[in-house]
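Student: I've never looked at this one before. Could you walk me through it with a few questions and answers?

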Amino acid sequence: MSTQSPDRKVIYGTPVVEGIAYGPVTWTRRPPIPNLTAPDIPESQREAEKKRFIIAADAVVESLSKRAQSSDGHAAALLEVTASIASDPAWRKEARRRITAGTPAVQATMGATDFFVAQFERAGGILAERTTDLRDVRDRVIARLEGRPEPGVPHPDHPVILFADDLTPADTAGLDPSMFLALVTELGGPTSHTSIIARQLGLPCIVAARRIDEIDEGTHVLVDGQRGTIVIGVAEDEATQRLESDKKRRELIDSWQPPAKLKDGTDFELLANVRDGETACEARDVGAAGIGLLRTELCFLHSHAEPSVQKQREIYEPALQAFPDTKVVVRTLDAGSDKPVPYATLAEEANPALGVRGVRTSGHNPHLLLHQLDAIAGAAKHCGHTQTLVMAPMISTLPEAKWFAGLVRDRGLSPGIMVEVPSVAVLAEQFMELVDFVSIGTNDLTQYTMAADRLSPDLAEYSDPWQPGALALIARTAEAGRATGTPVGVCGEAAADPLLACVLVGMGVTSLSVTPSALKAVGAQLSQVTLEQCQHAARSVLGAWDQGDARYRARQHLGV
């Protein structure tokens with residue numbers, strides 16, 4: 001018989017990856033920062049101090065590069081980015097300049113880092129996000145200078161639940177899923193590096209859990225990645241029951257087979273978000289019915305000048321060939337904000353998230369979009385692909401939508417737009433008269449609805465797609481789709497949340513597009529509920545008080 005512990009306590013955070021985990025807590029915290037000021041070093045020692053700094057920085061680059069070589073996918077890319085920061089000439093030059101002026105290497109490293117952090121934060125966008133990587137490099141170099149091991153996650157000899165104030169990309173990139181049962185952080189958001197890696201590894205994950213510092217190392221906790229709860233004082237038999245139930249959920253996911261259907265037999269279109277032919281094949285192999293978002297940034301981000309039409313075709317064609325007879329939705333270049341492209345976006349903007357990004361880049365580089373549309377049309381023709389759809393990001397006005405739709409139709413393709421800016425959701429029916437379909441980008445729609453930078457670790461609660469304001473705009477868009485007979489998809493992170501996927505279906509969304517790693521989990525969850533349940537859940541969340549209440553209401557109606 002289960003007994004309730006008198007010490008039972010529940011702490012709440014933002015759920016990111018569903019699943020149950022039970023085990024002891026192990027903490028990783030960023031090291032304390034040394035004093036920013038210190039006595040000047042004698043001039044005779046300054047050259048040696050500069051060499052000491054360079055040796056420490058080189059050692060950090062070498063250790064991160066070795067880890068990148070032994071990793072793959074997103075993890076390898078994150079480690080390579082961090083290594084490149086440690087070798088950045090401008091950052092190193094600033095640190096050496098300070099040492100030349102008499103500042104010890106440790107304080108010079110701190111000062112140089114603070115200097116560039118301030119610059120990155122003023123620039124905003126992806127540079128602001130890189131401040132976490134820069135501070136991580138700082139801590140690693142200082143550790144080397146002081147003769148300590150580089151900071152990072154522990155290496156336990158038994159399975160643990162990892163708690164952290166925040167996890168850097170280099171921390172998360174090397175996690176061993178056999179030793180780490182779940183991830184819980186005080187900071188971070190649903191689109192953070194921690195969240196991305198947790199999804200790839202299939203680890204239950206909760207972020208923005210503000211009170212976990214109350215939990216000591218070694219304490220056994222039950223982590224519920226669907227409800228966003230961390231529970232202390234759980235009886236062993238209760239934990240066993242919850243783990244057994246979660247095991248059945250995982251088995252259901254593993255056994256799910258396409259096509260996507262609800263429990264009552266209602267068909268549903270479950271698509272994939274991909275970036276190239278390789279990820280398109282991966283999506284096909286796990287059961288995607290097509291591509292709901294083909295990101296086209298890859299060849300632009302890796303080029304110092306606009307790639308030729310032929311070069312772009314070489315990127316798009318393998319993705320079309322992976323789904324020769326089904327729908328492929330291509331999104332035109334979404335440059336700007338966290339994806340700066342030097343020849344497409346402005347060098348400096350006060351607020352890049354509200355600046356020249358997405359389709360707005362056509363204002364000062366009109367040929368960029370025209371060439372890309374030519375490349376997409378050429379790829380479709382060469383492959384004999386007849387279901388190629390093209391959508392534009394960051395459409396904000398009716399004239400923009402009409403202009404873009406005309407360009408796409410002139411090339412024999414089907415036009416659509418992203419619903420990311422609240423003005424489009426508010427005037428959804430009018431926009432739908434101009435295009436053939438719409439796709440909701442929930443990450444940016446939530447960001448702009450809540451006036452909160454989705455890259456800020458301190459604003460994770462506002463970036464939650466379960467926020468009632470964001471849900472209301474999604475519901476409004478879906479309703480407009482029903483009224484006009486326009487397909488309404490969702491390709492943002494919200495679609496990858498199995499619980500929220502059911503709500504979106506209930507709102508009238510006609511397709512969901514998710515990363516290949518999330519597809520089976522979403523398909524399995526949809527197979528367990530009826531359309532009527534989804535509709536009841538959708539109606540209930542629109543009266544929610546906050547994001548936690550919305551999740552609770554949905555679970556009540558869906559029975560999960």
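Student: Leaving aside neighbours within four places in sequence, which residues is Val503 in contact with?
Tutor: Contact here means heavy atoms within 4.5 Å. With neighbours up to four places away in sequence set aside, Val503 is in contact with Trp466, Ala537, Ala538, Val541 and Ala554.

Student: Before we go on, what kind of model is this?
Tutor: Residues are numbered from 1 along each chain as its sequence is written, and side-chain values use heavy atoms, with hydrogens and water left out. Local features need pLDDT of at least 70, side-chain atom pairs count only at pLDDT 80 or more, and totals for chains, interfaces and linings use all residues, this being a predicted model.

Student: How many residues does the largest nonpolar core have?
Tutor: A nonpolar core is a set of buried Ala, Val, Leu, Ile, Met, Phe, Trp, Tyr and Cys residues joined through side-chain atoms within 4.5 Å. Buried means under 20% relative accessible area, with exposed over 50% and partly exposed in between (1.4 Å probe, protein chains only). In the largest core, Trp466, Val503, Met507 and Leu512 have the most contacts, and the residue count is 93.

Student: And how many residues are in the second, separate core?
Tutor: Ile41, Val60, Ala108 and Ala173 are among the members of that separate core. Its number of residues is 30.

Student: How far apart are the end C-alpha atoms of α12?
Tutor: The expected span of a helix is 1.5 Å times one less than its number of residues. Helix α12 (residues 309-322) has 14 residues, so it should span 20 Å; the model agrees, with its end C-alpha atoms apart by 21 Å.

Student: Where in α12 does the kink lie?
Tutor: The bend at a residue is the angle between axes fitted to the seven residues ending there and the seven starting there. In α12 there's a kink of about 30 degrees, shortly before the proline Pro318, and it lies at Tyr316.

Student: Is Gln372 buried or exposed?
Tutor: Gln372 lies in helix α13. Not counting residues up to four places away in sequence, it touches Thr296, Phe300, Gln312, Tyr316, Arg331, Thr332 and Leu333. Gln312 and Tyr316 are among the buried residues of α12. Gln372 has a relative accessible area of 1%, so it counts as buried.

Student: At roughly what angle do the axes of α13 and α14 cross?
Tutor: Axes are lines fitted to C-alpha atoms, for helices over the stretch in contact, and angles run from 0 to 180 degrees between N-to-C directions. The axes of α13 (residues 366-383) and α14 (residues 398-410) come within 10 Å, crossing at roughly 40 degrees.

Student: Which residues of the two helices make that contact?
Tutor: On the α13 side, look at Leu369, Leu370 and Leu373. On the α14 side, the partners are Trp403, Phe404, Leu407 and Val408.

Student: Is Ile440 buried or exposed?
Tutor: Ile440 is found in strand β14 (residues 437-440). Beyond its neighbours within four places in sequence, its contacts include Val419, Ile474, Thr477 and Cys491. Ile440 has 0% relative accessibility, so it counts as buried.

Student: What phi does Gly485 take?
Tutor: Find α18 (residues 468-484), which has 17 residues. Gly485 comes just after that helix, and its phi is positive, at about 70 degrees.

Student: Ala208 and Ala451 are flagged too; is Ala451 buried or exposed?
Tutor: Both have a positive phi in a residue other than glycine: near 55 degrees for Ala208 and near 50 degrees for Ala451. Ala208 sits in the loop between β6 (205-207) and β7 (220-224), and with a relative accessible area of 4% it is buried. Ala451 is in the loop between α17 (442-450) and α18. Its relative accessibility is 73%, so Ala451 counts as exposed.

Note on methods
Helices (H or I, at least four residues) and strands (E, at least two) are DSSP runs, numbered from the N terminus.
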